Structure formats: structure tokens, C-alpha cells
Amino acid sequence: MLGSLLCDDTFWPAEPTSLAETGLSESFIEALALKTINVAGTVSGRNTAERMGLPFRIVEPLMDLLRTRKLVAHVRPAPFNDYYYSLTEQGQKQTQAHLQHCSYVGPAPVPLQDYCLSVEAQAAGLDPIDRDQLAAAMADISYQNSLLDQLGPAVNSNTGLFLYGPPGNGKTTIARSLTGCLGQEIWIPHAILDDGNLIKLQDDAFHREAPVPEGNGQILKADEWDRRWMRIQRPTVVVGGELVMDNLEVRHDPRSNICEAPLQMKSNCGCLLIDDFGRQRIAPEELLNRWIVPLENKCDYLTLPTGKKIQIPFEQLIIFSTNINPDDLVDEAFLRRVPYKIFVDNPSPQELRILMKTVASRLGFPETPEAAEYLLEYYKRSSRPLRRCHPRDLLTQVANFCRYRKIPLTLRPEYLDQACKSYFSEL
């Protein structure tokens with residue numbers, strides 16, 4: 001059951017009040033309850049409902065039915081007119097059959113339709129950002145001011161963009177920061193069910209849990225929300241050279257009969273960053289051809305293990321970060337579908353001075369402005385281009401050297417020479 005607006009949310013998963021409102025069958029919930037009790041051993045009815053993410057008033061009558069059918073038995077009374085349950089011998093046999101069919105145990109899934117509606121309601125880019133919001137999101141990184149006026153329209157387009165330029169200048173860091181200006185936290189279900197196929201969506205690698213806001217007393221109370229959903233920060237899914245086509249399709253484990261959501265589903269309402277684009281184990285054309293339709297129509301089509309095709313929203317800011325000019329990677333037809341190509345250039349000498357001061361302060365070095373001038377002279381002598389990562393990397397090496405020698409943190413010329421020799425592989 002989907003709810004309405006609460007506080008600043010555009011979507012609120014209201015707690016179901018009946019079995020019908022869960023969108024799940026009685027047999028599915030009974031099977032999940034048996035598997036939950038099997039994992040817990042002996043557990044109260046309320047704790048079983050909590051583990052399943054369902055209200056006790058929905059689970060309680062089903063527990064009575066399981067007891068009547070001699071699949072579970074009362075072990076002892078529990079507080080608040082509840083009981084502790086365990087599986088009977090017949091219940092254990094029935095549970096093993098359920099586990100062979102699908103071994104998923106956890107919060108109950110939500111119907112695919114409810115998930116699609118939630119993405120449409122929470123999609124990033126519904127509220128355009130302004131320059132101040134973008135600047136705030138990028139407050140902790142260094143960049144050229146002109147970059148803001150290029151990134152802002154690209155973020156508001158909610159389509160796709162290329163960040164390209166020399167390595168070491170913060171393209172990945174910029175991409176990660178953009179998610180911070182896409183809006184408030186969002187709700188995602190732990191799992192999705194469609195046509196008997198269970199798709200696990202929640203992923204600890206990409207989804208960071210966020211606190212549930214307090215209610216305003218007029219629409220919903222803070223504790224009245226569907227526990228099958230979790231509130232997370234808008235996700236940033238980052239993949240690099242390890243990306244293969246299999247990551248973009250529903251992956252089915254035949255042993256557990258559990259499906260894993262593809263990356264584009266896990267990044268919905270957030271940001272999907274393809275780092276080091278062009279260096280994946282698959283050809284750029286093959287990867288981009290897979291996304292031509294989703295980028296054009298804002299929806300994707302996936303195939304379930306049963307062969308059924310499903311349509312899911314494709315609602316995220318997709319960023320291709322690369323050291324290679326996009327014109328050299330893909331053809332004009334695809335470049336048209338990723339309308340923004342933003343060049344991230346090397347820092348200026350003044351920006352390098354600021355970076356040196358910032359990094360030195362963070363690492364605990366005394367203020368030494370002449371250190372930046374010494375490095376700038378080194379760049380001139382060696383005809384080496386400036387990179388934004390160099391102050392952090394070089395000063396970290398100096399700090400490690402000082403700790404090794406048990407001397408105070410100091411930016412002496414000979415220490416900087418030692419760091420440059422090691423970092424730049426100079427003979």
C-alpha cells in the first residue's frame with residue numbers, strides 16, 4: 001500500500017492494514033513465516049512479524065492457521081497475548097520444501113508495480129537544482145568555477161553526461177558529489193516480487209540507511225510505515241573496469257532461486273557512475289547499445305528466469321567518467337543520447353597553491369607557502385602537467401617519511417624531492 005506526502009517526502013510507504021494491501025498471497029506469507037521460524041528456532045509471533053516487516057495483526061491469524069495445520073506449535077506464552085513458536089516435525093518438512101523452492105528469508109517483498117510507482121514519485125531531477133545547491137554539494141572538492149555552469153544544466157537534465165579529461169583531476173570525486181544535490185533521501189524495498197520471481201534490491205554496498213523523519217501529526221505518525229521498505233540516502237553506484245553485461249541484467253541463482261537486481265535498478269533515483277569508461281572488459285559500443293533505449297525512453301526491459309519481460313523505470317543520473325575523448329569512444333548516434341560532455345581540465349597554479357595549503361593543514365603540517373612554489377618550479381623543470389591529486393599524494397608521502405624518521409612534520413625541499421622521485425618513478 002502506497003502512502004502520500006509526509007514532511008518533505010514525495011513518497012511514503014504506508015503500513016498495510018490487511019493481507020490484501022500487502023499485494024502478497026496468503027500462501028507466500030505463510031511460507032516466509034515458516035522459513036523465518038526455521039532460522040530463529042524458537043521465536044514469538046511479534047518477532048516473526050517484525051523479521052518479515054509486516055504488522056503483527058496481519059501475521060497473527062496466519063500463525064493460528066499454521067498451528068491448526070500442525071506446522072507450528074506453541075512453546076510458551078509471550079508478552080502481550082502472544083506465544084513463542086517452533087516448527088513441528090511436519091512443519092520442518094514443509095519448510096524444507098519451501099526452501100528448495102526459494103531460500104529467501106527476510107523482509108517480505110513488495111509487488112513490482114509498487115516499486116515502479118515509488119521510483120516515479122521519487123525520481124531525481126523532479127526539483128531542479130540551482131548554482132548555490134551545486135556549490136554546496138561540491139564544497140569539499142577543488143574545481144574551476146566555470147565547471148559549475150556546465151554541471152548544473154547537466155544534472156537538471158537527468159539524462160546522461162560524460163566527464164572526461166586527464167587522469168587525477170577529480171572526475172570520480174565530482175561525480176560522487178553530484179548525488180548530494182539531487183534531493184532528500186528515498187525509500188526502497190528490500191525485495192520485489194513479480195510472477196513468483198523474487199528480486200533482491202537492497203544492497204549494502206550501495207545503499208546507506210537513513211533515519212526515518214518524524215511525522216507532523218496530521219498525515220501519518222512516524223512509526224506508521226511499511227517495514228518492507230527502508231529509507232536510504234540517494235544511491236551512488238560506482239562501477240569500473242569490472243563491469244560486464246551480466247551486471248545489467250537480472251541475475252538468477254538457481255540454487256537459492258533468488259534474483260539479484262541489476263545495477264541500473266540499484267541506482268534508480270540516484271547516480272550511476274561508469275568509471276574509467278572505455279576500459280571495461282566489454283566493448284564500449286556493446287555497453288552503450290544496451291542503454292540506447294533506456295536513455296531515450298527512461299525505462300528498461302528485463303527478462304525474468306521464467307522468460308517474462310518486465311518494464312522498470314530508468315530514472316538516474318548516469319555519468320560516464322573517462323580519460324578518453326568521447327568522440328574517440330563511441331559513434332555520433334550514441335553521443336546524441338548523452339547530450340552533455342564536460343571537460344575537466346588540469347588545475348591552475350593558483351588552484352594548486354590552494355590545494356597544497358588545504359592538504360597540508362589537514363595532514364598536520366605547519367603552514368609552508370614556499371612548498372607550493374617549490375613544487376611549481378619542479379613542474380616547470382620537468383615539463384610535467386599539474387594534477388589535482390598530486391598535493392594529496394605527495395604530501396602524504398612526505399608525512400609517511402617524517403613518521404618513519406621520527407621527525408616533526410615538515411615540508412622541506414629535500415623531503416619533497418624524495419616524494420617526487422618515488423611518486424613519479426624518476427630515475
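## Exercises with worked solutions

Gln202 is placed in the loop between β8 (197–200) and β9 (229–232), where helices (H or I, at least four residues) and strands (E, at least two) are DSSP runs numbered from the N terminus. The model is predicted, with local features requiring pLDDT of at least 70 and side-chain atom pairs counting only at pLDDT 80 or more, whereas totals for chains, interfaces and linings use all residues. Residues are numbered from 1 along each chain as its sequence is written, and side-chain values use heavy atoms, with hydrogens and water left out.

### Exercise 1. Gln202

Determine whether Gln202 is buried or exposed, and state which residues it is in contact with, leaving aside neighbours within four places in sequence.

Solution. 
- Step 1: The relative accessibility of Gln202 is 11%, so the residue counts as buried; buried means under 20% relative accessible area, exposed over 50%, and partly exposed in between (1.4 Å probe, protein chains only).
- Step 2: With neighbours within four places in sequence set aside, the contacts of Gln202 are Ile188, Pro189, His190, His207 and Met230. Contact here means heavy atoms within 4.5 Å.

### Exercise 2. The chain as a whole

State how many helices and strands the chain has, and what share of the residues in the chain is buried.

Solution. 
- Step 1: The chain contains 16 helices and 17 strands.
- Step 2: Of its 427 residues, 49% are buried.
- Step 3: Among contacts with a separation of 6 or more, 72% are between residues 24 or more positions apart.
- Step 4: Taken along the principal axes, the box filled by the C-alpha atoms is roughly 85 × 55 × 45 Å.

### Exercise 3. Aromatic rings and Phe424

Classify the aromatic pair formed by Tyr378 and Phe424, then the one formed by Tyr423 and Phe424.

Solution. 
- Step 1: A pair of aromatic rings is described by the distance of the centres and the angle of the planes. Rings of Phe, Tyr and Trp (its six-membered ring) pair if their centres lie within 6.5 Å; planes under 30 degrees apart are stacked, over 60 edge-to-face, and the rest tilted. The count by this rule is 13 aromatic pairs.
- Step 2: Tyr378 and Phe424 are stacked, at 5.9 Å centre to centre with 20° between the planes. Their pair links distant parts of the chain, 46 residues apart: Tyr378 belongs to helix α14 (residues 369–382), and Phe424 to the segment after α16 (413–423). Both Tyr378 and Phe424 are buried.
- Step 3: Tyr423 and Phe424 are edge-to-face, with 5.0 Å centre to centre and 80° between the planes. Tyr423 counts as partly exposed because its relative accessibility is 27%, whereas Phe424 has a relative accessible area of 13% and is therefore buried.
- Step 4: Arg384 lies over the face of Phe424, at 4.1 Å from the ring centre. The criterion for a charge over a ring is that NZ of Lys or CZ of Arg is within 6 Å of the ring centre and within 35 degrees of the ring normal.
- Step 5: Elsewhere, ring pairs join Phe162, Phe277, Trp291, Phe314 and Phe320 into a cluster.

### Exercise 4. Strand β2

Identify which residues His74 touches and which residues Ala73 is in contact with, neighbours up to four places away being excluded.

Solution. 
- Step 1: His74 touches Arg67, Tyr83, Tyr84 and Tyr85; its C-alpha atom is separated by 4.9 Å from that of Tyr85, eleven residues apart along the chain.
- Step 2: Ala73 contacts Tyr84, Tyr85, Ser86 and Thr88. From C-alpha to C-alpha, Ala73 and Tyr85 are 5.6 Å apart, at twelve residues apart in sequence.
- Step 3: His74 has a relative accessible area of 27% and is therefore partly exposed; Ala73, at 28%, likewise counts as partly exposed.

### Exercise 5. Positive phi values

State where Asn81 and Lys406 lie, and whether each is buried or exposed.

Solution. 
- Step 1: Asn81 is in the loop between β2 (72–78) and β3 (82–87), and its phi is near 55°, a positive value in a residue other than glycine. Its relative accessible area is 71%, so Asn81 is exposed.
- Step 2: Lys406 is in the loop between α15 and α16, and phi of Lys406 is also positive, near 55°. The relative accessible area of Lys406 is 78%, so this residue is exposed.
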